[in-house]
Amino acid sequence: MILIFAIVIGLVTGYLKAKLEGIPYRPDELRFLWLVLMAALPQFLIYSLPITRERISDQWIPFIIIGTQFMLLLFVWLNRKSPFFWLLGLGLLLNFTVISLNAGWMPISPDTLESQNVLTSQWEIGSRLGYSKDLVIAKESTNLWILSDILTLPKWIPYRVAFSVGDVLLALGVIGFLIHNKQAAQETSKIYFQEKLES
Amino acid sequence: MFKLFSSKKVFLSRVDNRVVRLVVTLTSLILFVLAAGAPCGLGGIGMNDPNFCYCDWTCNRISEGKA
């Protein structure tokens, strides 16, 4: 939800910035979008669709998570010339690293769950958390704990959430990409100078 | 036949190319962040109400015996 919020922030800020500069709002065009679809579809089946997520064994989840993350890394690499994709890629790479080093799951510690008031009846050490990508692992047993879902929102925000450093970089990358409007600015100035030369 | 083609042309011209491109880019980014993060964006671990199965992070799989 917070990453979706990052898209909204980026979109609104980018649009307002373009309006102030008097240029059309046009974020860079992305290529190889089918890779995103290919990555999102299996995740939809294992996380969201009740019929499939209940039938797919937890043993398959790590393979699906790593496979889909790899597809997203490929997508970022193929679009590496797009603005702020280096930041998106870095965030994705950090998540990919910690997931790979923890048997294909994103670790979340009991301390984090307790800090978010998640009832102890809802989780168990060594088990998957709900229908998520997270596996409850004790801090001492987690590889690269610092990159796992350890960050939380301030107490005064009612939304309970845990996220990783990689997620923060992903959010910043998305915001940066949507605010960046250089292509439209360059095209507008090109048209302006062409008109000047012609007149 | 000619009329059919001409009417189709009028319909297409009504859709701004820039808007289509923006919608495609935004849809791709939404799918990207959902797949890169978690179904609940950054990985929601639920609301205060344990029975509120939002994005299924708080679905009680343990007590259901599915874990």
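These legends describe close-up views of a predicted model.

**View 1. Helices α2 and α4 of chain A cross at roughly 160°.**
Helix α2(A) spans residues 33–48, and helix α4(A) spans residues 61–78. Their axes come within 8 Å. An angle over 145 degrees counts as roughly antiparallel, so α2(A) and α4(A) are roughly antiparallel to each other. Their crossing is left-handed.

**View 2. Residues of α2(A) meet residues of α4(A).**
From α2(A), the contact draws on A:Leu35, A:Val36, A:Met38, A:Ala39, A:Pro42, A:Gln43 and A:Ile46. From α4(A) come A:Ile61, A:Ile64, A:Thr68, A:Met71, A:Leu72, A:Leu74 and A:Phe75. The contact of α2(A) with α4(A) has 12 nonpolar residues, two polar ones and no charged ones.

**View 3. Helices α1 and α7 of chain A cross at roughly 25°.**
Helix α1(A) covers residues 2–21, and helix α7(A) covers residues 165–179. Their axes come within 7 Å. The angle makes α1(A) roughly parallel to α7(A), because angles under 35 degrees count as such. The crossing of α1(A) and α7(A) is right-handed.

**View 4. Residues of α1(A) meet residues of α7(A).**
On the α1(A) side are A:Ile2, A:Leu3, A:Ala6, A:Ile7, A:Ile9, A:Gly10, A:Leu11, A:Thr13, A:Gly14 and A:Lys17. On the α7(A) side are A:Asp167, A:Leu170, A:Ala171, A:Val174, A:Ile175, A:Phe177, A:Leu178 and A:Ile179. By class, this contact has 13 nonpolar, three polar and two charged residues.

**View 5. Chain B has three helices and zero strands.**
Along the sequence, chain B reads α-α-α. Chain B has 67 residues, and 34% of them count as buried.

Notes: Residues numbered from 1 in each chain as written. Chains lettered and ligands numbered in written order. Predicted model: local features only at pLDDT ≥ 70, side-chain atom pairs only at ≥ 80, totals over all residues. Helix = DSSP H or I, 4+ residues; strand = E, 2+ residues; numbered from the N terminus. Buried ≥ 20, exposed ≤ 12 C-beta atoms within 10 Å, placed from the backbone. Axes fitted to C-alpha atoms, helices over the stretch in contact; angles between N-to-C directions. Parallel < 35°, antiparallel > 145°, perpendicular 65-115°, else oblique. Left-handed = near helix turned anticlockwise from the far one by under 90°. Contact = placed C-beta atoms within 7 Å. Nonpolar A, V, L, I, M, F, W, Y, C, P; charged D, E, K, R; others polar.
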